[in-house]
Amino acid sequence: KFNVDAGTRPDFILIVDCKPAIALALRTQPSLERWLLWQQLDDLRRELLTTCDLAFLWCPSHGKESDDFRPPSGMDPSLIREFNHRADTEATRWRDAACAVSM
């Protein structure tokens, strides 16, 4: 249900550039050190699944190249990379702003 490669078209596809984060979100039981993060992800996943079909799609981070990056047919790889770049840029902006406030 959460694998875009399976050939189904979900309502929403979350593009994620961290394979361990996807693996954590899809686990049925987390490791103890990641339990709180997993619980929050699992709660969000369950809430979203009550109203929509959700899938995760991995994208290489920060412009990296990888043979493992194979978007489903009909999805433009350059557009996926652009979405990821914009998310990285925004996350960096928020991180920098938070660091500036805490100093």
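A: Helices (H or I, at least four residues) and strands (E, at least two) are DSSP runs, numbered from the N terminus. By that scheme, N84 is found in helix α3, residues 77-102. Keep in mind that this is a predicted model, where local features need pLDDT of at least 70, side-chain atom pairs count only at pLDDT 80 or more, and totals for chains, interfaces and linings use all residues. Residues are numbered from 1 along each chain as its sequence is written, and side-chain values use heavy atoms, with hydrogens and water left out.

Q: Why is N84 called buried?
A: Buried means under 20% relative accessible area, exposed over 50%, and partly exposed in between (1.4 Å probe, protein chains only). N84 has 7% relative accessibility, so it counts as buried.

Q: What makes N84 and D17 a polar contact?
A: Such a contact is a pair of N or O atoms within 3.5 Å; within protein, one must be able to donate a hydrogen and the other to accept it, and residues adjacent in sequence count only if both atoms are side-chain atoms. The side chains of N84 and D17 make theirs at 3.1 Å.

Q: Why is the pair of W58 and F69 called edge-to-face?
A: Rings of Phe, Tyr and Trp (its six-membered ring) pair if their centres lie within 6.5 Å; planes under 30 degrees apart count as stacked, over 60 as edge-to-face and the rest as tilted. Here the centres are 6.5 Å apart and the planes sit at 85°, so edge-to-face it is. W58 is in strand β2, while F69 is in the loop between β2 and α3.

Q: What makes up the largest nonpolar core?
A: A nonpolar core is a set of buried Ala, Val, Leu, Ile, Met, Phe, Trp, Tyr and Cys residues joined through side-chain atoms within 4.5 Å. The largest one has nine residues, including W58, F69 and I80. β2 gives the most to this core, with three residues.

Q: How do you know that the buried residues of α1 line one face?
A: In α1, I22, L24 and A25 are buried. Going by directions from the helix axis to the C-beta atoms, they fall within an arc of 160°, so they line one face of the helix.
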